[in-house]
Amino acid sequence: MAKLYGIGVGVGDPEMLTVKAVRALQESDIVLLPRARTKTDSTAYEIAKSYLRDDIEKVYVDFTTVDNDQVREEDRKVYSDVVNRVIEDDKTLSFITIGDPMTLSTFVYVMELLDREIEVESIPGITSFASVCSRLNTPLLMGDERLKIVPLHKDSDIAEEIDSADNIVFMKISRKLEDLKKVLAEKNLLDRAVLISNCGKADEKVFYNMGEVTREEISYFSTVLVKKGGLENWRRFNPF
Ligand SMILES: C[S@@+](CC[C@H](N)C(=O)[O-])C[C@H]1O[C@@H](n2cnc3c(N)ncnc32)[C@H](O)[C@@H]1O
């Protein structure tokens, strides 16, 4: 029987893969590489490439990053077709994905649209928000605090999201940056927010001055952490 791994490779630093992830990659005959249609290469591949065998077969799985449900739905069918086509008996395939495969990852759509019985194993990776918090030496949450993870979309009610938690992680922020800045300013929380773009990569940027950040300065791979309890206690432990 064929086997499909969903492997989380973390978000930037190649040293953040688990030992289990590296072993699974080395056992694989085929690696499936999700790639945004606008890009020439796959971010997950850039992170994991040093662990792949030289003779591994690479299959790109293209997807769109546009904010349109119908386009995304069509995309999912296209890349699931690619995956279904390359599955062969006794072959081991690895679908590599940034961060964790069970957290906002295309891997789950591939699983949903598998058209035959195969063994599936998901290998966790370090999520973007875990990486960001460690990079900043800043806790995600403590004690009785409440945490919210919020991927932003065109209809997000940012004020409501902020009101209902103590710590809020905003993901997919790039298209909503101006709205996010506006609401943080209205709630006097600009000094309790930090934005990190390309965490763990060579072009990583950290902004404690969210009010001044522009869309041009950050990439799609950007995350904002808002801590209502403040960031000052932790900021002294990091170099930014
Ligand atoms: C499709 S989601 C992928 C989430 C991923 N599976 C995880 O476990 O975190 C993409 C979002 O993850 C966050 N992200 C991914 N890579 C990042 C990085 N290197 N630095 C900061 N945020 C990142 C951003 O919020 C980005 O918009």
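In this predicted model, the ligand is surrounded by 22 residues, of which V11, G99, S128, M171 and C199 are the closest. By residue class, the shell consists of nine nonpolar, ten polar and three charged residues. Both domains take part in it: domain 1 (3-126) and domain 2 (129-235) each contribute at least three residues to the shell. Among the secondary-structure elements, helix 5 (128-135) and strand 10 (222-227) each provide at least two residues of the shell.

**The two domains**

The protein is divided into domain 1, residues 3-126, and domain 2, residues 129-235. Taken over C-alpha atoms, the centres of domain 1 and domain 2 are separated by 27 Å. Nine residues from domain 1 and 13 residues from domain 2 form the contact between them. On the side of domain 1 that touches domain 2, four residues are nonpolar, three are polar and two are charged.

**Helix 3**

Helix 3 covers residues 69-86. With 18 residues at 1.5 Å a residue, helix 3 should span 26 Å, and the distance of 26 Å between its end C-alpha atoms agrees with this. Which residues of helix 3 are buried? They are D75, Y79 and V83. These residues lie on the same side of helix 3, because they cover an arc of only 70 degrees around the axis. The other side of helix 3 carries the exposed residues Q70, E73, E74, K77, V78 and R85. The cover over the buried residues of helix 3 includes strand 2 (30-36), strand 3 (57-63) and helix 4 (107-112).

**Helix 5**

Helix 5, which supplies at least two residues of the ligand shell, has S128, F129, S131, V132 and C133 as buried residues. One of these, S128, is also among the closest residues to the ligand. The buried residues of helix 5 are covered by elements including strand 6 (147-151), strand 7, strand 8 (193-197) and strand 10. Strand 10 is likewise a contributor of at least two residues to the shell around the ligand. Just after helix 5, N137 takes a positive phi of about 45 degrees.

**Residues in loops**

L104 counts as partly exposed, because 16 C-beta neighbours lie inside 10 Å. K172 is also partly exposed, with 18 other C-beta atoms within 10 Å.

A further loop residue is G230, placed between strand 10 and helix 8 (232-235). Is G230 buried or exposed? G230 has 11 other C-beta atoms within 10 Å and is therefore exposed, since a residue counts as exposed if 12 or fewer such atoms lie within that distance. Although G230 and N167 are 63 residues apart along the chain, their C-alpha atoms are separated by 9.7 Å.

Definitions and conventions. Residues numbered from 1 in each chain as written. Predicted model: local features only at pLDDT ≥ 70, side-chain atom pairs only at ≥ 80, totals over all residues. Helix = DSSP H or I, 4+ residues; strand = E, 2+ residues; numbered from the N terminus. Expected span 1.5 Å × (residues − 1). Buried ≥ 20, exposed ≤ 12 C-beta atoms within 10 Å, placed from the backbone. Arc of directions from axis to C-beta. Contact = placed C-beta atoms within 7 Å. Domains from an automatic or database assignment. Nonpolar A, V, L, I, M, F, W, Y, C, P; charged D, E, K, R; others polar. Near = placed C-beta within 6 Å.
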